[in-house]
Amino acid sequence: MEKQQQERRSGGEKDGGRSSRNSGGTGPKQEEHRIDIAEVSCRVKNWIESVKIAKDHQTDTRSQTEWPSMPKVPETKMKKTQDSEKFYEPKVISFGPYHHDKPHLLAGETIKPLCAQKFVADSNQDIEDLYKKIESNIEAVRRCYDSSATNKYDDEKLAWMMLLDGCFILQFIRSCTDDMSNINLKDHQISFVERDLFLLENQLPFGVLRLIFEGSSKFKHGSTMKDMINRFVTDRNGIQPPPEDDSRLPQLPDEPYHLLQLMRSALLGGKDKIPTKIKNPNRQHNRQSFPRIMELKDKGIYLKPSGTNSLTDISLEFHFFFGCLNLPPITIDDSTQTGWLNILAYEMCSEDPDDYAVTSYIRFLDSLIGHPDDVKELRSKRILCNRLGGDEEVAQTFKQISHGMLVDSEIYEGVKISIQKHYDKRLNVYNLFRTPERAMAAAVSLITLYLACIQTYYSMYPRK
């Protein structure tokens, strides 16, 4: 093993690395940190020097760096929902080894050294020390990825990739939460980078990020890097409105596997916010015949925004003959389908969460939406903010996301059972007053009945 490690450091080993994949690992642990490399190679020194001088050539770098142009809608727009190129591959920038060196992502590599220089300078750290920390944990990094993706990179190249990618991610998050002048990107470029950050195959182990930012002190405005990461993820999880101050942020895991898992935790309101599963013997039948939102409204079940920012905050309340279904407010935009599909893919991974919480939510919401009028009702109750287009497009998006899902979780079966019982067995009193015409007719009938009762009473007991 020591011989293989030495050969990879020299750049000559082609088939190193481990054969196992551990997508659920937490990455390098703090106790593994050790700086035991007396000297780095000339190649690494050249890389380090390119980062150190990035500031001196900032103006030239900005003028020479060109991000890929945004082409016309590709042919994949008409492909099925699970098309990998459209929903699972990065558009402008890669993180980690799975999509590294792909031709359309090479332009994104040119901005990483400048971002690394800015982050290292602002965090008052030394780029060479950071590289040594990552290189000393390179075996742990390799175990986080499929060996077929890491075998083509020797230890130096892989460690340098982790360092540049990690510094870019942290600097980008700082820029989005603290000061946008810290990164030279336009609005549409920022949107594409945000999309690429939360792809399942474009993740860095959070342990690598911690290696990079743990030695930094608080940045401007007194925020720590971990606080900025939590704020960044929470602001982009699609739950509206986001908390106004950091004290109201959901309690997220201290050691997530990666940013995508952190996003999933934010959607669920924290790491311990998973609803209890309830068995339903008629679950398959109910899933096929479950009433839609407008059908529920017709039966006296109305919608109301729930009080927290969590997909798990779904409940049903009854008031006399009426019901109130509480749903978390969400935003649907161009990035929603990609983000949710990647979270669903993450939940399908064998070594990752087995509660299928987000998958269950998508299936539950899809069971409520069958027509654009259902989407319109969600909008009118301020449960859904539509930034995608028409209501028909939103309805189709939910169908596309849920298409092909094999998991049929029981997390929300308790709510569904209550809804179904109310829908099937509700008293018909509400139907008497459902429309003004029916209400008037019912009122006339009741008055007539009342007068008839009075007449009968006085006929039996006439006044003397």
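**Entry 1: positive phi**

I started at Asp 101, which sits in the loop between helix 4 (84-87) and helix 5 (106-109). The model is a predicted one. I read phi there as positive, about 70°, although Asp 101 is not a glycine. Most residues other than glycine have a negative phi. I then checked the surface: with a relative accessibility of 43%, Asp 101 counts as partly exposed.

I looked up Asn 124 next. Its phi is near 55°, again a positive value in a residue other than glycine. I found Asn 124 in the loop between helix 6 (112-122) and helix 7 (127-135). Is Asn 124 buried or exposed? Asn 124 is exposed, because its relative accessible area is 70%, and the cut-off for exposed is over 50%.

**Entry 2: salt bridges**

I noted a count of 16 salt bridges and went through some of them. Side chains of opposite charge can pair when their charged atoms come close.

Arg 174 pairs with Asp 122, with 3.0 Å between the closest N and O atoms. This pair links distant parts of the chain, since Arg 174 belongs to helix 10 (residues 155-177) and Asp 122 to helix 6, 52 residues apart. I compared the cover on the two partners. Arg 174 is buried at 4% relative accessible area, whereas Asp 122, at 40%, is partly exposed.

Lys 132 and Glu 128 form another salt bridge, 3.7 Å from N to O. I wanted to know how the two are placed along helix 7. They are 4 residues apart in that helix, so about one helical turn separates them. Lys 132 counts as buried at 10% relative accessibility, and Glu 128 is partly exposed at 21%.

Glu 214 reaches Lys 133, the closest N and O atoms being 3.2 Å apart. Which parts of the chain does the pair of Glu 214 and Lys 133 tie together? Glu 214 lies in the loop between helix 12 and helix 13 and Lys 133 lies in helix 7, so the parts joined are 81 residues apart in sequence. I put Glu 214 down as partly exposed, at 28% relative accessibility, and Lys 133 as buried, at 13%. I also noted one network, in which salt bridges that share partners join Arg 43, Asp 154 and Glu 156.

**Entry 3: helix 12 against helix 13**

I moved on to the two helices on either side of the Glu 214 loop. The axes of helix 12 (residues 206-213) and helix 13 (residues 225-235) come within 11 Å and cross at roughly 135°. That angle makes helix 12 oblique to helix 13. I listed the residues in contact: Phe 206, Arg 210 and Phe 213 from helix 12, with Met 225, Lys 226 and Ile 229 from helix 13.

**Entry 4: helix 19**

I asked which residues of helix 19 (residues 372-380) are buried. They are Pro 372, Asp 374, Val 375, Glu 377 and Leu 378. The helices are helix 16 (293-298), helix 18 (357-368) and helix 20 (391-402). The strands are strand 1 (301-305), strand 3 (322-327) and strand 5 (384-386). After helix 19 comes Arg 382, and I read its phi as positive, near 60°.

**Entry 5: nonpolar surface**

I ended with a nonpolar patch on the surface, formed by Tyr 457, Tyr 458, Met 460 and Tyr 461. Together these four have about 490 Å² of accessible area. Tyr 461 is in the segment after helix 23 (436-460).

Methods. Residues numbered from 1 in each chain as written. Predicted model: local features only at pLDDT ≥ 70, side-chain atom pairs only at ≥ 80, totals over all residues. Heavy atoms only, no water. Buried < 20%, exposed > 50% of the residue type's maximum accessible area, 1.4 Å probe, protein only. Contact = heavy atoms within 4.5 Å. Patch = residues over 30% accessible without salt bridge, like charges linked within 9 Å, V, L, I, M, F, W, Y side chains within 5 Å. Areas by Shrake-Rupley, 256 points an atom, 1.4 Å probe, with all protein chains shown as cover. Salt bridge = Lys/Arg side-chain N within 4 Å of Asp/Glu carboxyl O. Axes fitted to C-alpha atoms, helices over the stretch in contact; angles between N-to-C directions. Parallel < 35°, antiparallel > 145°, perpendicular 65-115°, else oblique.
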